[in-house]
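This report is for a reader who has not seen this structure before. Please look over the sequence and the model before reading on.

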Number of protein chains: 2
Amino acid sequence: MRIKEVSQRFGLSQDTLRYYEKIGLIDYVTRDSQGNRDYQESDLQRLEFVCCMRDAGVSIQVLREYIELNHLGDETMEARKNLLIQERKKLLDKQAIIQASLDKLEYKIENYEKCLSTKKI
Amino acid sequence: MRIKEVSQRFGLSQDTLRYYEKIGLIDYVTRDSQGNRDYQESDLQRLEFVCCMRDAGVSIQVLREYIELNHLGDETMEARKNLLIQERKKLLDKQAIIQASLDKLEYKIENYEKCLSTKKI
DNA sequence: TATTGACTTAGAGTTAACTCTAAATGATAT
DNA sequence: ATATCATTTAGAGTTAACTCTAAGTCAATA
């Protein structure tokens, strides 16, 4: 699959896709006879994971560490698991923080609604 | 209250507090006879709100807009309400995205656990 | 054959949100 | 009286994560 289609599929710019490859967030993508990237199924799967994590706010640095551990083979399984557990913790914390923020917003919005309806009477 | 204590209370650096004031995220803080900031109750309340929103990822730009509308008085109540509703939507979307990420992480972690326990037999 | 379009590269530039630096002031502790 | 400490200011520097630029290649189309 060529870069344009991959870009559309994941909602990442072509620049970002090349950048992710340059910094090792995805492996070197094979090139076709013209020298253009030809993304394989495995690349797409990696991108799926990377996009999902990036969308949630997982840092590039952490994802690179994870990828790096992957490259080092089975010995690093425990380390990888622990890394994911850490990130899960961070995301759970973030959800709680967002929830607190939502509660505050909810309260303020209701307040505005009260004010606005009163004003109209 | 002096900047040091405010900094500790909200977990913001003194630099950040001065920066927030400079860009209008909080109003100009009154200075004492020595020219040092003396944060009032109203400043602390504003900071409480700003911090909560910033922690959840609401952008400074949006918060500045909100503050700006506040300065413009009661006429802008509807606009302020709508701005908050928009931000609520963004945060709800973000929660869903994080949940998707968490589900994926959960799956992977379980997988690692299976692999690791099998290896030990 | 000329031009259009999709791609390539290396490297520079951008943006949001801080964070740091340097020089100065005034109050407090030794 | 001197040193230390908490402040102040304007403005420069940093970081993460892109995003853009310029110059070039190749294949397809008018």
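Predicted model: local features only at pLDDT ≥ 70, side-chain atom pairs only at ≥ 80, totals over all residues.

**The surface near DNA strand D**

Around DNA strand D there are 18 residues, of which A:Asp15, A:Tyr20, B:Arg18, B:Arg31 and B:Arg37 come nearest. For B:Gln14, a polar side-chain atom is 3.5 Å from a phosphate oxygen.

At least two residues of this surface come from each of α2 (14-22) of chain A, α1 (3-10) of chain B and α2 (14-22) of chain B. The largest share, four residues, is that of α2(A). By class, the surface has eight charged, six polar and four nonpolar residues.

The table gives the volumes.

| Pocket | Volume |
|---|---|
| Largest pocket | about 210 Å³ |
| Second largest pocket | about 180 Å³ |

Residues from both chains line the largest pocket, including A:Lys108, A:Tyr112, B:Phe49 and B:Arg80. Here α3(B) provides the largest share of the lining, four residues. The lining comprises four nonpolar, three polar and three charged residues.

Among the residues lining the second largest pocket are A:Phe49, A:Arg80, B:Lys108 and B:Tyr112. The most is given by α3(A), with four residues. This lining has three nonpolar, three polar and three charged residues.

Key
Residues numbered from 1 in each chain as written. Chains lettered and ligands numbered in written order. Heavy atoms only, no water. Near = heavy atom within 4 Å. Polar contact = N/O pair within 3.5 Å; in protein donor to acceptor, adjacent residues only side chain to side chain. Nonpolar A, V, L, I, M, F, W, Y, C, P; charged D, E, K, R; others polar. 1 Å grid on protein atoms, 1.4 Å probe; cavity = no way out; pocket = protein on both sides within 12 Å on 5 of 7 lines; lining within 4 Å. Points joined across faces, edges and corners; volume = space filled by probe spheres on them.
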